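Here is a short report on helix packing and aromatic pairs. Please keep the sequence and the 3D view open while reading.

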Amino acid sequence: MIDTALRQEFEAALGADAVLTDPLKLRTYECDGLTGFREVPALVVLPRGTEEVAAAVSLCARAGLPFVARGAGTGLSGGAVPVAQGVVISLARMRGIVEFDPDDRRMVLQPGVTNAEISRVAAPHGLYYAPDPSSQVVCTIGGNVAENSGGAHCVKYGFTVHHVTALRVVLPDGTVTELGGDAPESEGPDLRGLFIGSEGTLGIATEITVRLLRTPESVRTLVADFPTAEAAGEAVSAIMASGIVPAAVEMLDSLAIEACEAAVHAGYSLDATAALVVELDGMEHECDEQFEQVVALCRQKGTTNVRIAGTAEERALIWKGRKAAFAAMGRISPDYFVQDGVVPRTRLSEALTRIAAMSRAEGLRVANVFHAGDGNLHPLVLFDGQAGESERAERLAAEIAEMCVELGGSLSGEHGIGLDKACSMPEMFGEEDLAVMDRLRTAFDPDRLANPGKVLPTPRLCGETPGRYRPHPLEAAGMIERL
């Protein structure tokens with residue numbers, strides 16, 4: 001419980017304007033992008049630097065208060081959902097670029113800098129930051145570190161962990177330490193790699209050193225339409241088996257195309273059952289030669305139309321359509337769940353066929369838009385919560401994630417486990433595996449204050465699960481407000 005004296009200590013350490021206690025303001029922080037899980041925190045603090053983060057965490061540790069770090073709140077696994085009577089440490093004010101060395105191709109950032117901002121600052125120097133989540137305009141580098149985010153171009157360039165060389169972090173007891181170094185690899189245990197993707201359970205990153213890449217000499221992009229999703233999946237397997245490493249291979253099915261066109265008008269074919277967005281980059285001669293091979297492979301697998309971007313503007317429009325897919329679902333459905341799982345590329349067609357069968361069995365539509373090049377599926381389960389379809393949609397989303405494990409894949413590619421899939425972890429890991437993870441987490445956080453109840457299954461979470469937030473009928477009717 002946060003009493004007046006403790007609140008005043010937070011205000012003394014961070015400033016009164018950096019401590020929120022008003023119930024209406026606290027509601028802003030009750031959920032992340034997965035709005036089905038909600039909890040209003042007791043307090044929100046907005047530090048401006050490492051010292052203030054450390055001060056806030058130290059106060060939480062002394063008082064035994066659970067805390068949750070929060071970036072832009074765009075996560076899709078419930079990873080930033082607050083803990084009842086706990087503290088949210090929002091990093092929204094930590095938006096500074098601490099250091100930029102174009103010659104060394106490195107940048108040191110505070111966690112509140114958006115993903116897209118990194119490339120915007122680096123672009124005049126012929127550099128860019130490779131990981132590019134669809135939400136890159138709003139998602140932050142701190143959140144990317146927490147979830148080990150990828151994006152469309154991770155098939156060639158890897159995930160966040162491959163582009164972050166060093167971290168300054170505040171551990172759950174308030175200690176400040178450095179992980180990693182200037183080189184991509186350091187001697188000894190890879191604590192940097194361990195921290196990236198830990199979903200805020202091992203501490204809070206307050207400064208992040210990223211490596212930048214040279215802007216490629218040539219970029220070629222196409223959209224290939226297919227009569228079936230299975231045929232598009234076979235084309236993906238053929239491209240990857242040829243030895244070509246595309247910068248990106250994305251797939252959209254007919255529902256996803258319909259939504260994207262309604263929102264963005266990117267020029268996708270509305271009569272296509274599935275479409276592949278394929279991009280190659282590199283040296284001009286090599287890029288052109290491999291691009292011709294990709295076009296030929298698409299035709300071998302039955303493409304009905306190939307659209308080649310002729311200008312940078314057309315390429316940007318194609319990507320605008322693809323990256324608007326999640327938000328665009330609101331054009332065709334009142335509610336939806338975004339799922340995130342991985343299957344081997346060779347089993348993409350099988351996975352899509354099974355998702356279609358599961359969709360029919362539940363009587364719910366599923367739109368598919370995903371990173372086909374590395375098998376990272378993002379099925380979107382469409383439903384109407386007002387029509388009582390929420391439970392069926394939640395069940396279908398969980399079944400799809402567990403199907404990915406059954407096919408030899410994983411529960412998550414980049415969105416994380418969070419609250420959403422913690423109870424499915426035993427489908428992928430044995431008791432000993434989970435016990436090792438828990439011991440490792442406890443080594444960093446013996447009091448279990450950092451983002452508790454996330455990632456690993458617990459008796460309360462998985463035995464007495466409260467499930468999605470369901471408004472009281474009076475709240476739904478607009479007669480009362482939830483504070």
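K25 sits in helix α2, which spans residues 23-26. Its relative accessibility is 48%, so K25 counts as partly exposed. K25 and G409 are 384 residues apart in sequence. In space, their C-alpha atoms are 40 Å apart. These values come from a predicted model.

**Helix pairs**

Two packed helices are described by the angle between their axes and the distance between the axes.

| Helix pair | Residues | Axis distance | Angle |
|---|---|---|---|
| α1 and α3 | 4-14 and 50-63 | within 9 Å | roughly 160 degrees |
| α8 and α13 | 229-241 and 348-362 | within 8 Å | roughly 160 degrees |
| α13 and α14 | α14: 390-406 | 11 Å | about 155 degrees |

Start with α1 and α3. Their axes cross at roughly 160 degrees. That angle makes α1 roughly antiparallel to α3, because the cut-off is over 145 degrees. The crossing of α1 and α3 is right-handed. On the α1 side, the contact uses L6, E9, F10, A13 and L14. On the α3 side, E52, A55, A56, L59, C60, R62 and A63 meet them. By type, the residues of this contact are 9 nonpolar and 3 charged, with no polar ones.

Next come α8 and α13. The axes of α8 and α13 come within 8 Å. These two helices are therefore roughly antiparallel to each other. Their crossing is right-handed. From α8, the contact draws on A229, E230, G233, E234 and V236. From α13, the contact draws on L348, S349, L352 and T353. The contact of α8 with α13 divides into 4 nonpolar, 3 polar and 2 charged residues.

Helix α13 also packs on α14, with the axes 11 Å apart. The angle is about 155 degrees. α13 and α14 are therefore roughly antiparallel to each other. The crossing of α13 and α14 is right-handed. Here α13 brings A351, R354, I355, M358, S359 and E362. Its partner α14 brings R392, R395, L396, E399, I400, M403 and E406. The contact of α13 with α14 holds 6 nonpolar, 1 polar and 6 charged residues.

**Aromatic pairs**

A pair of aromatic rings is described by the distance of the centres and the angle of the planes. How many aromatic pairs are counted here? The count comes to 2.

Y128 belongs to strand β7 (residues 127-128) and Y157 to helix α6 (residues 154-157), so the pair ties together parts 29 residues apart in sequence. Y128 is buried, at 18% relative accessible area.

F337 and F383 also form a pair. Their ring centres lie 5.3 Å apart and their planes are at 25 degrees, so the pair is stacked. F337 is in strand β16 (residues 335-338) and F383 in strand β20 (residues 379-383). The pair links distant parts of the chain, 46 residues apart.

Terms used:
Residues are numbered from 1 along each chain as its sequence is written. This is a predicted model: local features need pLDDT of at least 70, side-chain atom pairs count only at pLDDT 80 or more; totals for chains, interfaces and linings use all residues. Side-chain values use heavy atoms; hydrogens and water are left out. Axes are lines fitted to C-alpha atoms, for helices over the stretch in contact, and angles run from 0 to 180 degrees between N-to-C directions. Helices (H or I, at least four residues) and strands (E, at least two) are DSSP runs, numbered from the N terminus. Angles under 35 degrees count as roughly parallel, over 145 as roughly antiparallel, 65 to 115 as roughly perpendicular and the rest as oblique. A crossing is left-handed if the near helix is turned anticlockwise from the far one by less than a right angle, and right-handed if clockwise. Contact means heavy atoms within 4.5 Å. Ala, Val, Leu, Ile, Met, Phe, Trp, Tyr, Cys and Pro count as nonpolar, Asp, Glu, Lys and Arg as charged, and the others, Gly among them, as polar. Rings of Phe, Tyr and Trp (its six-membered ring) pair if their centres lie within 6.5 Å; planes under 30 degrees apart count as stacked, over 60 as edge-to-face and the rest as tilted. Buried means under 20% relative accessible area, exposed over 50%, partly exposed in between (1.4 Å probe, protein chains only).
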